[in-house]
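Here is a short briefing on a single protein chain. Please look over the sequence and the model before reading on.

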Amino acid sequence: MMAETHPKSEVSSTVTTSPTYAAPQKSSGISLCLEYFKTAPGIIKIIELVIGIFCMACAAPAWTNGTHWFLFVVVTAFVSTALWCFIYLLNLKNAINLPIDWLLTELLNTAITTLLYLIAVIVQFCSIQQFPGRNIAGGIFGIFNLIAYGIGSFYLYRDWKDSHPHSSFSGSVLKRNP
């Protein structure tokens with residue numbers, strides 16, 4: 001009886017990360033693209049819009065300067081988020097042939113909006129004089145939207161880092177789990 005020996009085969013596996021949302025391939029024109037809104041960043045954008053509506057409903061009309069600032073930030077964030085939703089919905093990133101780093105532009109927009117929401121929520125809570133119930137509710141919804149914009153900024157930063165691998169910062173905290 002002879003013992004059979006089998007050569008050992010080495011198995012190697014590589015783990016690659018892909019962006020949270022990969023846009024459809026280049027197309028020649030505007031097309032309806034609903035796939036983005038099934039991803040985590042797309043769902044976050046819809047949540048930002050819905051919470052923004054609640055913020056506007058609770059804080060309007062503005063009777064104090066702090067609430068004026070809060071509503072300015074909320075409405076500006078709502079309009080910019082709605083524009084980004086239309087850009088993704090109509091697949092304008094691929095239809096418009098401009099030398100724009102769309103992901104970096106959206107990341108900067110969302111990060112600045114997050115910072116402005118932080119300031120606006122603090123100002124809203126510090127300026128509650130008339131109608132404290134609805135102004136507090138507007139501030140609380142503002143905190144929820146601040147968190148949503150923060151999560152959206154994180155997703156955008158992670159996608160931007162995945163698409164620009166040769167950057168100076170490579171933090172291990174922000175890398176995806178396999």
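The notes below go from the overall fold to selected contacts and the surface.

This is a predicted model: local features need pLDDT of at least 70, side-chain atom pairs count only at pLDDT 80 or more, and totals for chains, interfaces and linings use all residues. Residues are numbered from 1 along each chain as its sequence is written, and side-chain values use heavy atoms, with hydrogens and water left out.

**Overall fold**

- The protein chain has five helices and zero strands; helices (H or I, at least four residues) and strands (E, at least two) are DSSP runs, numbered from the N terminus.
- From the N terminus on, the order reads α-α-α-α-α.
- Of the 178 residues, 37% count as buried. Buried means under 20% relative accessible area, exposed over 50%, and partly exposed in between (1.4 Å probe, protein chains only).
- Take the contacts between residues at least 6 apart in sequence: 72% of them join residues at least 24 apart. A contact means heavy atoms within 4.5 Å.

**Helix α2**

- Helix α2 covers residues 65–89, 25 residues in total.
- Its span from first C-alpha to last is 36 Å, close to the 36 Å expected at 1.5 Å a residue. The expected span is 1.5 Å times one less than the number of residues.
- Just after α2, asparagine 91 adopts a positive phi of about 55 degrees.

**Salt bridge**

- The count comes to one salt bridge, defined as a side-chain nitrogen of Lys or Arg within 4 Å of a carboxyl oxygen of Asp or Glu.
- Lysine 45 and glutamate 106 form it, at 2.5 Å from N to O.
- The pair links distant parts of the chain: lysine 45 sits in helix α1 (residues 40–59) and glutamate 106 in helix α4 (residues 102–126), 61 residues apart.
- Both lysine 45 and glutamate 106 are buried.
- Side chains of opposite charge can pair when their charged atoms come close.

**Aromatic residues**

- The structure holds ten aromatic pairs. Rings of Phe, Tyr and Trp (its six-membered ring) pair if their centres lie within 6.5 Å; planes under 30 degrees apart count as stacked, over 60 as edge-to-face and the rest as tilted.
- Tyrosine 157 and tryptophan 160 make a tilted pair, with 6.3 Å centre to centre and 35 degrees between the planes.
- These two are about one helical turn apart, because tyrosine 157 and tryptophan 160 lie three residues apart in helix α5.
- Tyrosine 157 is partly exposed because its relative accessibility is 22%, whereas tryptophan 160, at 16%, counts as buried.
- One aromatic cluster is formed by Tyr36, Phe37, Trp84, Tyr88 and Trp102.

**Around isoleucine 128**

- Isoleucine 128 lies in the loop between α4 and α5 (132–163).
- Its relative accessibility is 23%, so isoleucine 128 counts as partly exposed.
- Leaving out residues up to four places away in sequence, isoleucine 128 touches Asn135 and Ile136.
- Tryptophan 63 is 65 residues from isoleucine 128 along the chain, and their C-alpha atoms are separated by 9.6 Å.

**Surface**

- The accessible surface comes to about 11,300 Å², of which 68% belongs to carbon and sulfur atoms. Areas come from the Shrake-Rupley method with a 1.4 Å probe; for residues, only the protein chains shown count as cover.
- Phe125, Ile136, Ile140, Ile143, Phe144, Ile147 and Ile151 make a nonpolar surface patch of about 560 Å².
- Patches are made of residues with over 30% relative accessible area and no salt bridge: like charges are joined within 9 Å, nonpolar side chains (Val, Leu, Ile, Met, Phe, Trp, Tyr) within 5 Å.
- Helix α5 gives the most to the nonpolar patch, with six residues.
- Isoleucine 151 is found in helix α5 and is partly exposed, with a relative accessible area of 36%.
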